[in-house]
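Please read the sequence and the model below together before turning to the report.

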Amino acid sequence: MSRSLLLRGGRVVDPSQKLDAKRDVLLVDGKVATVRAKLDAPENARVVECAGLVVTPGLIDVHVHLREPGEEHKETIATGAAAAAAGGFTAVCAMPNTDPPIDDPAAVGFVAAEGRRAGSARVYPVGCISAGRDGKRLALIGEMVEAGAVAVTDDGNPVMDSGLMRTALEYALAFGIPVADHPEDLGLSLTGHMNEGIVATRLGLPGKPNAAEDIHIVRDLLLAELTGGHIHLQHVSTRFGVESIRQAKARGVHVTAEATPHHLVLTHDAVIGYRTDAKMNPPLRAAEDMAAVRAGLADGTLDSVATDHAPHHYDEKEAAFAEAPNGIVGLETALGIMLTRVVGEGVIDLPTLVERMSCAPARAFNLPGGTLAEGSPADVTVFDPKETWVVDPRAFLSKSRNTPFTGWELTGRPKLTVVAGRIVFGDDEARPRRRRGER
Amino acid sequence: MPAKKRIHVMDEADVRREIARMAREIVECNGGIAGLVLMGVHRRGTQIADLLLKEIEQIGGGPVSYGSIDITLYRDDLGTIGPRPVVGESELPASGIDGQTVVLVDDVAYTGRTMRAAINELSDWGRPRRIQFCVLVDRGGRELPIQPDFVGRAVTVAKDQRVEVYVPELDGKLGVELRTVEPEAA
Amino acid sequence: MTPTPAALGKDLVGLQYLSADQLRTILDTAEPFKEISERRIKKVPVLRGKTIVNLFFEASTRTRISFEFAEKRLSADTVNIVAAGSSISKGETLVDTARNLEAMRIDMVVMRHPASGAAQFLADRIPSNVVNAGDGRHEHPTQGLLDLLTIRDRMGRVEGLKVCIVGDILHSRVARSNIYGLLTLGAEVAVCGPPTLMPPAVQELGVQVFTRVEEAIEWSDVLNVLRLQLERMEAGYVPSLREYNRIWGVSNARLEAAKKDLLVLHPGPMNRGVEIDSDVADGPRSVILDQVTNGVAVRMAVLYLLAGGQPERAEAAKQGGGDA
């Protein structure tokens, strides 16, 4: 087990305990031991001075693509976990749209084992809803949960068959896991490359209308209501989608939902000039949609921030817009973007940010963490709310560089990431131990 | 264009006198006006050619074919000075130029490059029996071995001086001046 | 009559960002070029020694031939690469194409490509001048220019005219270039066609929308009739070509309600009996052949203006700077 660690004198923000005060945090044996105003360091403990820094429960990203197995030239579980740690995340949920897809217990076990070996941020596998992600019949959901899957999704593909979606929501009830959906009606959006609207019209690019997303959001909400299952709606980007979720939550439907940093700060104008680094799915929408996503984040309709970290090799994005793949990396810019452009612009305050990036995601996916309550896992994020830095993708630990935020000046930067009491990012002793058995 | 100094070279009477003289020379040299074609070089060459034409028709006692030529697309300096967005139109005389004596008329003779371009262009248009060259002012400074056949006035001009030929259609007066120009404006 | 400095930038990617002055400069320059095509020797030496590659990733005989005539009449050396269906379009990425062109030290590339944005992509990556000969649904600037020239020649102006583009606006790069150019020069612009073939939010381009062609005809001084691709019917945008002709086809019967001097343009190739009836195409209002003639002159003007050799811009492009 790791050495005891004392984080001294930081501003501890832990919405799970309604705590926002200067505290010392002592981590012992991989657990939070004590959080007090003044603590003496036990013998042997390592002390990290955190004056001027913010100390929070470890950030959790329930939506990342780590590309392993199959596309290791874009990212591996190890590089993705390291990028997560560098971005202040102590845990990530790995989407199953790999090659082959994560649709059986052996594949789930592989992701979990590679995650442990990486020895960085925790990596939780997410399994497929349907075998082979082909949207036809259920994958081995029960066995995958036994092997460590924390949720199921066919992300990348929506579940087009409403009957299958109903079955998945019902079946998953037995295991208490969320069914996550990428809401998109492909009949309306398959040929599209960006948001449908004036920008797409000017650029001569076929668009994806809001309705493509709205229809599936509403469908999923109705099916969750019908079945009593837990629907988790991924990367919500439309005003009508946000409003529908708001109403469903008021009716008591078991729904959780994500907002991505990019849908909170960018609109489809970012695509002008055929910027493939602004190409993602769902696409960047109109300003009214961005405003609605912000409002949804503020009132908790969208309870979790998730990056949809989607690495692509540079030469795949170096292409004509229609030929470039969807997605951007997000792990290493998320916190800075959220602090600068979402908290900084007064959309939410700092405790709400921690709620949306740590507490709520932990609850949504039933993950350990999301709190600094005594006895909980010693997963902690420490960041400097004042440090100003410029996004330089060359410095990313991720294998990929596809970000629309290159050159952005951000204020607020991760300084220390602690997983199970061990520093995995933020000092030189913390080089991830790769290819070794234990944590 | 900042001008330091203007030096008078020719007034209207001088210009008209020299044009009348050149008209006589052209008619004499070609033994009349048969087969004669006058072509002004854009832009001010065409106005000089118009004046010349009237004189020649008076002397010759009959109509003389005329046309104009724009050498913009035959210049050899596109790569260095960039394109000139204003490209003029060339106008072939009604009689054509094959087998004719074409007198090219320009306002000023300088490096010879305009004459070279005009001769090239004429060769693309047809096969004149003979090409002659007539200018109102020869300022010297040739960079090519081409000389005018008829010269109104030869002047010695410093590098930083420009010969300004004024014609009524464009400048409201007829005359020639030397202007000293700032080096960067040259 | 002072020459405009840097009349165009390094490239002609589209008409969207050209000013009225730039558009007028191109049209004014095209005028004298028309006369060159009337000469016995239809050639001037202005682009002698320049190498131009016509790189066509889509088959387009007329645009390519028009460019080729323009290039040859300016004495450029030309190479045609028709890549549609060949190995270059399949295996090679646009980046590799760009690098290969750069390595061959060519002066200009005229490119047709099925992907919107392909011309900008290439222009940002090579120091040569790039002329967009049509990129996906984005723009076809020389077609827009030749339409402007044809309208200006026949009507004596563009400003204040009511021009309606009829047909498949959704998939049309010709429509977009026309809309930008016409609006910049002060025309009123409308579009007309089946709602399934209208781009989303098209009004935000600053155009009026007619659903019925009868209304469009009554309103217009100029009709620009677009080709209806057979594939549109196959893809279900319109139920049948016959129905399209009945409802949106431009016929002499419909033109009876038009202004007396209404002009009819068509970028070609025509589907006679679909979007336009033969008696209109061959009738007195049609300026379709003028468009073809003007196409060569406009392309000569564009090539000439771009060829001005501006090494500092080329250098910037080479370093990835791009040229807006």
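## Basis of the description

This is a predicted model, in which local features need pLDDT of at least 70 and side-chain atom pairs count only at pLDDT 80 or more, while totals for chains, interfaces and linings use all residues. Residues are numbered from 1 along each chain as its sequence is written, and chains are lettered from A, with ligands numbered from 1, in the order in which they are written.

## How the chains meet

Two pairs of chains are in contact, and of these chains A and C share the most contacts, where two residues count as in contact if their C-beta atoms, placed from the backbone, lie within 7 Å. Chain A and chain B, by comparison, do not touch, and their nearest C-alpha atoms are 28 Å apart.

The contact between chains A and C takes 17 residues from chain A and 20 residues from chain C. On the side of chain C, the elements giving two or more residues are helix H4 (94-103), helix H5 (118-123) and helix H7 (173-184), helices being DSSP runs of H or I with at least four residues and strands being runs of E with at least two, numbered from the N terminus. H5(C) gives the most to this side, with three residues. By class, the side of chain C that touches chain A has ten nonpolar, six polar and four charged residues; Ala, Val, Leu, Ile, Met, Phe, Trp, Tyr, Cys and Pro count as nonpolar, Asp, Glu, Lys and Arg as charged, and the others, Gly among them, as polar.

## The domains of chain C

Chain C is assigned domain 1 (20-139 + 292-321) and domain 2 (141-290), with bounds that come from an automatic or database domain assignment. The centres of the two domains, taken over C-alpha atoms, are separated by 26 Å.

In chain C, 21 residues of domain 1 are in contact with 20 residues of domain 2. Helix H1 (20-36), strand S4 (129-135) and helix H13 (288-306) of chain C are the elements that give two or more residues to the domain 1 side, and the largest share, seven residues, comes from H13(C). By class, that side has nine nonpolar, seven polar and five charged residues.

## Chain B

Chain B has five helices and eight strands, which follow the pattern β-α-β-α-β-α-β-α-β-β-β-α-β along the sequence. The radius of gyration of chain B is 16 Å, close to the 16 Å that the globule rule gives for 186 residues, so chain B is as compact as a globular protein of that length; the radius is taken over C-alpha atoms, and the rule is 2.2 Å times the number of residues to the power 0.38.

## A helix and a residue in chain A

Helix H12 (residues 334-343) of chain A is largely enclosed by the rest of the structure, because seven of its ten residues are buried, that is, 20 or more other C-beta atoms lie within 10 Å of their own, whereas exposed residues have 12 or fewer and partly exposed ones fall in between, with C-beta atoms placed from the backbone. Among the buried residues of H12(A) are Ala334(A), Ile337(A) and Val342(A), and what covers them includes helix H13 (350-364) and strand S16 (380-390) of chain A.

Asp104(A) lies in the loop between strand S7 (89-94) and helix H2 (105-118) of chain A. Asp104(A) is partly exposed, with 19 other C-beta atoms within 10 Å, and, not counting residues up to four places away in sequence, touches Ala139(A), Leu140(A) and Met144(A).
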